[in-house]
Amino acid sequence: MYEAFFGMQQRPFAATPSVDGYFPAQAIEQARQTIQRGIQRAAGPAVVIGPAGSGKTLLLARLGAEFAEQFDVAMLSSGRLRSVRALLQNILFELKLPFRDLTDGELRLALLDHLEPNDQEHNGLLLFIDEAQAMPAQLLDELRMITNLVRGGQPRVRLVLAGDVRLEDRLANPRLASFQQRIAARCYLQAWSSAETRDYIRHQLAWAKATPQRIFADEAAREVHDVTGGVPRLINQLCDHALLLASIAGEKQLT
């Protein structure tokens, strides 16, 4: 809506950030590199912990895009998962496999059959679970069993869980002690510093093919950080709305 007014080719601060516009802030980039190495080395499940709006979903999407040619990638949100049946059906749906009118045992066998090595070059399944703090212990234990499948010395399922601090409490369940021991990486996301907020705003405007300094003055970027506390989602919302209001007012620069 304001893109033409500012000479942009795309919306820089969309509600759902684009993987193509990924900004490597320190915490999220360290997490990406750590999990990337773990996936490549088949080290074991990884866990990402971060408050709401800190970039967990974007991180999973970025990793999924990076490994799309090497693995079948399934991205699930635990908000839809309340039973083993729902978990298996959602995985099969993501893999574009039949999932209706099958018993739980048939669903599990269909997944295991798909995960058997074949002539394709894919290395198995890369499974991402977002909002995993809402997942019952029963389903986390089912994920443990799914990730136990090994062929040729390599696991056929590599798992990344993302959630808020409640996920750590969930994983502390004694029932999941075996699962806890297998977690190879724990990564923590956090709010951005004032410098990271400024650099992110410039990065997004440049990605949209605009001239950052002409649109966002440095004092405006500092104000964005102060108001949002450096939470990426809130930064997006505030910058998007500010640009909209500035375009309505005919203002070419935000101060």
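A nonpolar core here is a set of buried Ala, Val, Leu, Ile, Met, Phe, Trp, Tyr and Cys residues joined through side-chain atoms within 4.5 Å, where buried means under 20% relative accessible area with a 1.4 Å probe, protein chains only. You're looking at a predicted model: local features need pLDDT of at least 70, side-chain atom pairs count only at pLDDT 80 or more, and totals for chains, interfaces and linings use all residues. Residues are numbered from 1 along each chain as its sequence is written, and side-chain values use heavy atoms, leaving out hydrogens and water.

Start by selecting Met 8, Ile 35, Leu 205, Ile 215, Phe 216 and Leu 243: in the largest nonpolar core, which has 42 residues, these touch the most other members. Leaving aside residues up to four places away in sequence, its partners include Tyr 2, Phe 6, Pro 12 and Leu 254. A second, separate core holds 34 residues, among them Leu 76, Met 135, Ala 137 and Leu 159.

Next, the rings. Phe, Tyr and Trp rings (six-membered ring for Trp) pair if their centres lie within 6.5 Å; planes under 30 degrees apart are stacked, over 60 edge-to-face, the rest tilted. That rule gives eight aromatic pairs. Pick Phe 23 and Tyr 200: with centres 5.6 Å apart and planes at 65°, they are edge-to-face. They sit 177 residues apart in the chain, and both are buried.

Key. Buried means under 20% relative accessible area, exposed over 50%, partly exposed in between (1.4 Å probe, protein chains only). Contact means heavy atoms within 4.5 Å. Helices (H or I, at least four residues) and strands (E, at least two) are DSSP runs, numbered from the N terminus.
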